[in-house]
Amino acid sequence: MNSASLESRLAALAAAGETITYGDLARDLGLRMAELTAQLETLMEEDAAQGRPFRAALLRQRLSPHQLPAPGFFQKAAELGHDIQDPAAFTADQRRRLSKTP
């Protein structure tokens, strides 16, 4: 599985204003969870380098009451210099920006 499939799936989710669980996306793409998270971290690095919103914000934990990404998303965002003091607001902003990205 190459990252182009992941990127195209995330682009479709952003265009539709939808999110997906990590497990569903991993299953859909035929990836193990470790492979998916490694690819998502790479995408976050690319997004940060190009000043784009994080496409990984479109993922959500299955049991999250607020449909937030996993803790690793926020750890990586912080490593990349983002303020994640309010995870829900940070996620909402990333998702809003993604829905406006061509």
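**Close-up views of a predicted model**

**Figure 1. The largest nonpolar core.** In this predicted model, the largest nonpolar core comprises 26 residues. Those with the most contacts inside this core are Leu6, Leu10, Leu25, Leu36, Leu40, Leu59 and Phe73. At least two residues of the core are supplied by each of helix H1 (3–16), helix H2 (22–29), helix H3 (33–49), helix H4 (71–79) and helix H5 (87–100). In soluble globular proteins, nonpolar side chains tend to be buried together.

**Figure 2. The surroundings of phenylalanine 73.** Phe73 is among the residues with the most contacts inside the largest nonpolar core. When residues up to four places away in sequence are not counted, phenylalanine 73 touches Tyr22, Met44, Phe54, Ala56, Ala57, Phe90 and Thr91.

**Figure 3. The contact of H1 with H2.** Two packed helices are described by the angle between their axes and the distance between the axes. For H1 and H2, the axes come within 11 Å and cross at roughly 130°. On the side of H1, the contact involves Ser5, Leu6, Arg9 and Leu10, which meet Leu25, Asp28 and Leu29 of H2. By class, the residues of the contact of H1 with H2 comprise 4 nonpolar, 1 polar and 2 charged.

**Figure 4. The contact of H3 with H4.** The axes of H3 and H4 lie 10 Å apart, and the two helices pack at an angle of about 30°. Angles under 35 degrees count as roughly parallel, so H3 is roughly parallel to H4. H3 passes H4 in a crossing that is right-handed. Glu41, Met44 and Glu45 of H3 meet Phe73, Lys76 and Ala77 of H4. The residues of the contact of H3 with H4 comprise 3 nonpolar, no polar and 3 charged. Met44 is also one of the residues that phenylalanine 73 touches.

**Figure 5. The loop residue glutamine 61.** Glutamine 61 is located in the loop between strand S2 (59–60) and H4. Its relative accessible area is 33%, and glutamine 61 is accordingly partly exposed. With neighbours within four places in sequence left aside, glutamine 61 is in contact with Tyr22, Leu68, Pro69, Ala70 and Pro71. Tyr22 is likewise among the residues touched by phenylalanine 73. From C-alpha to C-alpha, glutamine 61 and alanine 92 are 15 Å apart in space, and they are 31 residues apart in sequence.

Conventions
Residues numbered from 1 in each chain as written. Predicted model: local features only at pLDDT ≥ 70, side-chain atom pairs only at ≥ 80, totals over all residues. Heavy atoms only, no water. Core = buried A, V, L, I, M, F, W, Y, C linked by side-chain atoms within 4.5 Å. Buried < 20%, exposed > 50% of the residue type's maximum accessible area, 1.4 Å probe, protein only. Helix = DSSP H or I, 4+ residues; strand = E, 2+ residues; numbered from the N terminus. Contact = heavy atoms within 4.5 Å. Axes fitted to C-alpha atoms, helices over the stretch in contact; angles between N-to-C directions. Nonpolar A, V, L, I, M, F, W, Y, C, P; charged D, E, K, R; others polar. Parallel < 35°, antiparallel > 145°, perpendicular 65-115°, else oblique. Left-handed = near helix turned anticlockwise from the far one by under 90°.
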